[in-house]
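Visitor: I would like to learn how to read a structure like this one. Please take me through it feature by feature.

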Amino acid sequence: YMLIILVPVVLIMGLSGLWLLKRKVASQTQALTTQIQERIRSENELRESREMLQNFLDAVPQAAFLIDRQAVFLKANREVARRLKQDIRTIIGTCLYDYLPEEVSRNRKGYINKAFETGIPQQFEDIRQNTHIETYVEPIRDDSGTVCQAAVLGVDITKRKEAESRLRQSEQKLRFILDSLPEMVLEVDRNMTILWANKVALDLN
């Protein structure tokens, strides 16, 4: 009689355990599916964010890029690639200073290191291949407040420098002509304050 009683009990316990196992598997599968979906959504959002950042950088007409503390390119726009005469895909992961002449590299490294060390934005000018560049370095902090990256904007100011040079030359020529005149020539403001005087006027004083 014992065998007749125990067999149904064993079968019932086996069926119950199988049902619980199926429920557990189904629950874990659902949780895993949710995690996968969340990860896919996060990856899509990250990809879209990166694409938006790249589109924004490419919309900037000047050289714009992101670097880490070792001056390794993290992001760069098409203008950077054009100036360095490189494919934009080969630039990412390489060091900025590898593309610059030694003197220019040393100058920029000093300002960039200062931005990382102090967290204070830097601005400076230098010349590369007869091109005048005005550079802005903006430190970027992480959640802990540590400067981990820097946004860099390099503005080509060559035309402005050339215009300033032409203006200085014109002013020098004008001063030379005015100094050659036998009459006194003065430049005054609305309050009759003398701003400039030619040689004759200065000699009278």
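Visitor: Over which residues does pLDDT stay under 50, and how many contacts beyond four places in sequence does the model have for them?

Guide: pLDDT is the predictor's confidence in each residue, from 0 to 100, and contact means heavy atoms within 4.5 Å. Here pLDDT stays under 50 over residues 1-7, and the model has 0 contacts beyond four places in sequence for them. Where pLDDT is low, the predicted coordinates should not be read in detail. This is a predicted model, in which local features need pLDDT of at least 70, side-chain atom pairs count only at pLDDT 80 or more, and totals for chains, interfaces and linings use all residues. Residues are numbered from 1 along each chain as its sequence is written, and side-chain values use heavy atoms, with hydrogens and water left out.

Visitor: Where in the protein is confidence lowest, and where is it highest?

Guide: Helices (H or I, at least four residues) and strands (E, at least two) are DSSP runs, numbered from the N terminus. Confidence is lowest in helix α1 (residues 2-59), with a mean of 62, and highest in α4, at 93. For the protein, the mean pLDDT is 81, and 77% of residues reach 70 or more.

Visitor: Which residues touch the most other members of the largest nonpolar core?

Guide: In soluble globular proteins, nonpolar side chains tend to be buried together. A nonpolar core is a set of buried Ala, Val, Leu, Ile, Met, Phe, Trp, Tyr and Cys residues joined through side-chain atoms within 4.5 Å. Buried means under 20% relative accessible area, exposed over 50%, and partly exposed in between (1.4 Å probe, protein chains only). The largest core has 23 residues, and Phe65, Ile67, Phe73, Val80 and Leu96 touch the most other members. At least two residues each come from β1 (63-68), β2 (73-76), α2 (78-84), α4 (102-118) and β5 (147-156). The most come from α4, with 4 residues. Beyond four places in sequence, the contacts of Phe73 include Ile91, Cys95 and Tyr99.

Visitor: How many aromatic pairs does a search of the whole structure find?

Guide: Rings of Phe, Tyr and Trp (its six-membered ring) pair if their centres lie within 6.5 Å; planes under 30 degrees apart count as stacked, over 60 as edge-to-face and the rest as tilted. The search finds 3 pairs. Tyr111 and Phe124 are stacked, because their ring centres are 4.4 Å apart and their planes are at 10°. Tyr111 lies in helix α4 and Phe124 in strand β3 (residues 122-128), 13 residues apart. Ring pairs also link Phe65, Phe73 and Tyr99 into a cluster.

Visitor: Is Phe124 buried or exposed?

Guide: Phe124 is buried, at a relative accessible area of 3%, whereas Tyr111 is partly exposed, at 30%.
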